[in-house]
Amino acid sequence: MIRFLLNVLWLVFGGGLVLAVGYGIAALICFALVVTIPFGVAALRLASYSLWPFGRTLVPKPGAGAPSGLANLLWVVLAGWWLALSHVLAGVALCVTIVGIPFGIANFKLVPAAFWPLGREVVDAP
């Protein structure tokens with residue numbers, strides 16, 4: 001019940017909707033450039049994760065090898081740095097207030113995901 005409440009508050013006050021729109025725009029750009037469709041799929045996965053982050057986590061996907069690592073380097077250059085920067089800025093802004101600290105921590109939890117999304121999958125937290 002607490003996770004549900006935190007996720008609803010995250011959508012309204014934590015910036016979840018705005019961040020998901022950012023990932024959605026990144027996905028649309030990646031889908032428009034046909035070669036970068038795998039990046040678009042990763043961006044959509046992160047959009048869903050940024051909409052509902054509490055109670056879920058990212059884990060390495062079994063079988064993801066060197067190609068996903070090389071693709072992640074390209075992702076960082078094209079889209080990852082500005083998405084990660086948006087999470088850092090939002091996290092710092094939210095941690096200014098005591099009420100916003102859980103949302104700031106959720107934003108900081110999304111920073112590594114913004115940098116290294118390929119070769120990972122979103123799963124329910126234990």
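In the predicted model, a polar atom of the side chain of Ser50 lies 3.0 Å from the backbone oxygen of Ala47. Ser50 is placed in helix H3, and with a relative accessible area of 0% this residue is buried, since any value under 20% counts as buried. Beyond its neighbours within four places in sequence, Ser50 is in contact with Trp10, Gly16, Leu19, Ala20, Tyr23 and Leu110.

Ser50 also takes part in the packing of helix H3 against helix H2. The axes of H2 and H3 come within 8 Å and cross at roughly 170 degrees, and H2 is therefore roughly antiparallel to H3. On the H2 side the contact is made by Gly16, Leu17, Leu19, Ala20, Tyr23, Gly24, Ala26, Ala27, Cys30 and Phe31, while on the H3 side the residues involved include Ile37, Phe39, Leu46, Ala47, Ser50 and Leu51. When the residues of this contact of H2 with H3 are sorted by class, 16 are nonpolar, four are polar and none is charged.

Helix H1, which spans residues 2-13, packs with H5 at an angle of about 85 degrees, and the two axes are 11 Å apart. Because an angle of 65 to 115 degrees counts as roughly perpendicular, H1 and H5 are described as roughly perpendicular to each other. Leu6, Leu9 and Trp10 of H1 meet Phe103, Ala106, Asn107 and Leu110 of H5 in this contact, whose residues divide into six nonpolar, one polar and no charged.

In soluble globular proteins, nonpolar side chains tend to be buried together. The largest nonpolar core of the model has 26 residues, of which Trp10, Tyr23, Leu46, Trp75 and Leu83 touch the most other members. Two or more residues are given to this core by each of the helices H2 (16-32), H3 (37-51), H4 (66-94) and H5 (101-115). Leu83, when its neighbours within four places in sequence are left aside, is in contact with Gly22, Tyr23, Ala26, Trp75 and Ala114.

Ala113, located in helix H5, counts as buried because its relative accessibility is 0%. The C-alpha atom of Ala113 is separated by 9.5 Å from that of Leu83, although the two residues are 30 residues apart along the chain. Residues up to four places away in sequence not being counted, Ala113 touches Leu46, Leu58 and Arg120.

Key. Residues are numbered from 1 along each chain as its sequence is written. This is a predicted model: local features need pLDDT of at least 70, side-chain atom pairs count only at pLDDT 80 or more; totals for chains, interfaces and linings use all residues. Side-chain values use heavy atoms; hydrogens and water are left out. A nonpolar core is a set of buried Ala, Val, Leu, Ile, Met, Phe, Trp, Tyr and Cys residues joined through side-chain atoms within 4.5 Å. Buried means under 20% relative accessible area, exposed over 50%, partly exposed in between (1.4 Å probe, protein chains only). Helices (H or I, at least four residues) and strands (E, at least two) are DSSP runs, numbered from the N terminus. Contact means heavy atoms within 4.5 Å. A polar contact is a pair of N or O atoms within 3.5 Å; within protein, one must be able to donate a hydrogen and the other to accept it, and residues adjacent in sequence count only if both atoms are side-chain atoms. Axes are lines fitted to C-alpha atoms, for helices over the stretch in contact, and angles run from 0 to 180 degrees between N-to-C directions. Angles under 35 degrees count as roughly parallel, over 145 as roughly antiparallel, 65 to 115 as roughly perpendicular and the rest as oblique. Ala, Val, Leu, Ile, Met, Phe, Trp, Tyr, Cys and Pro count as nonpolar, Asp, Glu, Lys and Arg as charged, and the others, Gly among them, as polar.
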